[in-house]
Amino acid sequence: MDNDSFKTTVTNTFKPQVSVVIPIYNGTADIPELINCLLAQTYSKDRVEYLLVDNNSSDGTFELLKSLENCPIKIRALSENEIQSSYAARNTGIREAVGEIIAFTDADCRPQPQWLDALIQPFVNQNVVIVAGEITALPGDSLLEKYADRQETLSQKHTLANKFCAYGQTANLAIRRLALEKAGLFRPHLTTGGDADICWRILHLDIGSLEFAPYSIVQHRHRTTLKELKSQWRRYGRSNSYLHELHGVELMREITLNECYYRLARWLLKETPINSLKALLGKASFVDLVDTPIGLLTARARYLGQQQAQLPPQAKKIEWL
């Protein structure tokens, strides 16, 4: 049997029971499009359940989820109202899941039709315990969206190349139930960094490997305002601080205001004239002209988020199946 035939055979025969867990907070605007994406999945409908977990929403999310339980796909509406955290909501879903593979995405993500099929296939290798799929950008017209798209801000290639240890983001991730039984669930009181934490706890047990599934794709919208962008990168900074305390990862160096002023002056006096000329010649875009100031803004926001973060004592708690 040649390699292509083998792959086809595996694709047709390897269909483990899968549970997809999606935490949702005030998601009534996102749910209709999310459900359309789930309905379009090519994975066998009788081999997958979707556990949609409302996390104490105030916009009627849970009522909307309950109304969807008669869909052609198996949807189970759950709620986590005690702890305001997407990780606590994911734990609620995991406890109710029946699948041997637990997959994760988010309400504001748009899984492509072959997302689940491609995400599950690496598990045919019994040594694989975690699979990370790719995250790409939904089309956007704003300058900040184009900048983030250019930087591939959401791509798993950044987390998979983490110099401390590779991990996958929960926007597109799948984990064997057996690994969760051995390593524990998410830290329910953690507000950011939980995806890295759970992957590292599993991988440090040396019970299996993490694989990347590049054709398992979910799309996500980039931030469109400076306020949203700074909030995003401050969260990244808090995550780094928390993971430093939990796992000893290296902290980001200080980005001083003097350094920012120097880089901005260099950008204004040297980079801008060069890139403006390139733009006139069709060899650069407006995004190239603002690369430095936006990069400084995000780096500074991340550093401030890291500096100001304080890990709550209860965030060290791990829940178990």
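1. Of the contacts in the protein chain with a separation of 6 or more, what percentage is accounted for by residues 24 or more positions apart? In this predicted model, such residues account for 81% of those contacts.

2. The protein chain contains 13 helices and eight strands. Its radius of gyration is 21 Å, close to the 20 Å that the globule rule gives for 321 residues, so the chain is as compact as a globular protein of that length. Along the principal axes, the C-alpha atoms fill a box of roughly 60 × 50 × 45 Å.

3. Of the 321 residues in the protein chain, 51% are buried.

4. The charged side chains of the protein chain comprise 36 positive and 36 negative ones. The centres of the two sets lie 5 Å apart.

5. Helix 6 spans residues 143-151, and its residues Leu-144, Glu-145, Tyr-147 and Ala-148 are buried. These residues cover an arc of only 160° around the axis, which means that they are on the same side of helix 6. In general, an α-helix has 3.6 residues a turn, so residues three or four places apart point the same way.

6. The cover over the buried residues of helix 6 includes helix 10 (226-247), helix 12 (286-289) and helix 13 (291-308). After helix 6 comes Glu-152, which has a positive phi, near 50°.

Notes:
Residues are numbered from 1 along each chain as its sequence is written. This is a predicted model: local features need pLDDT of at least 70, side-chain atom pairs count only at pLDDT 80 or more; totals for chains, interfaces and linings use all residues. Side-chain values use heavy atoms; hydrogens and water are left out. Helices (H or I, at least four residues) and strands (E, at least two) are DSSP runs, numbered from the N terminus. The radius of gyration is taken over C-alpha atoms; the globule rule is 2.2 Å times the number of residues to the power 0.38. Buried means under 20% relative accessible area, exposed over 50%, partly exposed in between (1.4 Å probe, protein chains only). Contact means heavy atoms within 4.5 Å. Lys and Arg count as positive and Asp and Glu as negative; His and the chain ends are not counted. The place of a charge is taken as NZ of Lys, CZ of Arg, CG of Asp or CD of Glu. The arc is that of the directions from the helix axis to the C-beta atoms.
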